[in-house]
Structure formats: structure tokens, C-alpha cells
Amino acid sequence: MIKTAFVSVAMASAFAFSAVSYAAGDMHDMDMTGGAKPSAQAANAMSHGEIEKVDTGAGKLTIKHGPLENLGMGAMTMVFKVKDPAMLHQVKTGDKVDFVAERIDGALTVVKLQKQ
């Protein structure tokens with residue numbers, strides 16, 4: 001009786017191990033980053049927003065925006081540095097814009113900007 005129970009437990013363990021091994025082997029194509037890395041398309045995708053404030057002295061724009069997929073951020077209003085100070089003269093409060101923001105040296109920075 002004990003021998004039969006031992007064989008049954010051993011067989012069940014072997015079956016469970018083989019099922020787990022098979023499942024793990026099938027996952028080689030899956031993205032396991034949890035969305036931490038943006039796709040190439042998301043990294044280059046422009047976000048949409050509206051200029052709330054232009055601060056030429058500080059070199060910053062306040063933008064009310066939709067999701068920033070490349071940064072994993074939701075919609076909100078934020079202050080951004082600009083990569084090129086000339087961007088500050090391209091827009092005014094109320095302008096609808098498409099833009100790309102990136103984290104540069106720890107600061108959220110608009111690297112590409114165009115009016116809609």
C-alpha cells in the first residue's frame with residue numbers, strides 16, 4: 001500500500017514538472033517586461049496636448065496632455081523643459097500641439113514639437 005502511494009506521488013510529481021517545463025518552453029516569444037520597455041512605435045509616437053503656459057525665462061512649457069505611451073504616463077497637466085529654446089517661440093497658450101517628451105538627465109523634456 002505504501003509502495004503504491006509512493007509510486008502515485010512520484011508519477012504525479014513527474015507529470016506536474018513536465019507540464020511546467022512545457023509551459024515555460026512555450027513562453028520564449030512572450031514579452032515579460034510588464035510593459036516597462038516601450039515598443040519602437042510607442043517611443044516615436046507623438047502625444048497630443050494643449051499649451052497651458054509658455055515660460056521663456058525658465059525654458060519650459062506647461063502642457064495639458066493625453067497619455068505619454070513612451071514614458072508610461074497617463075493624461076495630466078505637466079511642466080516640461082524644451083530641448084531647443086526655439087520651440088518656446090513656436091507656440092502660445094491655447095495652441096493644440098503634437099509632441100514627443102523624453103526623460104533627459106532626469107528631467108522630462110520636449111524633444112519634438114509641432115502645432116496641430
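In which sense do β1 and β2 pair, and over how many bridges?

Modeller: Happy to. The model is predicted, so local features are taken at pLDDT of at least 70 and side-chain atom pairs only at pLDDT 80 or more, while totals for chains, interfaces and linings use all residues. Residues are numbered from 1 along each chain as its sequence is written, and side-chain values use heavy atoms, with hydrogens and water left out.

To your question: β1 and β2 pair in the antiparallel sense, over six bridges. Two strands count as paired if DSSP finds at least two bridges between them. Strands are DSSP runs of E with at least two residues and helices are runs of H or I with at least four, numbered from the N terminus. β1 covers residues 47-55 and β2 covers 60-65. Asp55 has Lys60 in β2 as its bridge partner. Four residues lie between the two strands of this hairpin, and Gly59 has a positive phi near 70 degrees.

The chain has two helices and five strands, and from the N terminus they run α-α-β-β-β-β-β. The five strands close into a barrel in the order β1-β2-β3-β5-β4, with mixed pairing. From one strand to the next the twist averages 55 degrees, taken between the N-to-C directions of lines fitted to C-alpha atoms, on a scale from 0 to 180 degrees. β4 in turn is antiparallel to β5 (residues 107-115), with eight bridges between them, and Phe99 has Leu113 as its bridge partner in β5.

His65, in strand β2, counts as buried because its relative accessibility is 5%; buried means under 20%, exposed over 50% and partly exposed in between, with a 1.4 Å probe and protein chains only. Leaving out residues up to four places away in sequence, His65 touches His48, Gly49, Gly74, Ala75, Met76, Met78, Phe80 and Phe99, where contact means heavy atoms within 4.5 Å. Phe99, with neighbours within four places set aside, has contacts that include Ser47, His48, Gly49, Ile63, His65 and Phe80.

Rings of Phe, Tyr and Trp (its six-membered ring) pair if their centres lie within 6.5 Å, with planes under 30 degrees apart called stacked, over 60 edge-to-face and the rest tilted. By this rule there is one aromatic pair. The ring centres of Phe80 and Phe99 are 5.6 Å apart and their planes are at 65 degrees, so the pair is edge-to-face. Because Phe80 lies in β3 (residues 76-82) and Phe99 in β4 (residues 96-104), the pair ties together parts 19 residues apart in sequence. Both Phe80 and Phe99 are buried.

Both also belong to the largest nonpolar core, which has 16 residues; Leu61, Ile63, Phe80, Phe99, Val110 and Leu113 have the most contacts inside it. Such a core is a set of buried Ala, Val, Leu, Ile, Met, Phe, Trp, Tyr and Cys residues joined through side-chain atoms within 4.5 Å. Strands β2, β3, β4 and β5 each supply at least two of its residues. For the chain as a whole, 24% of the 116 residues count as buried.
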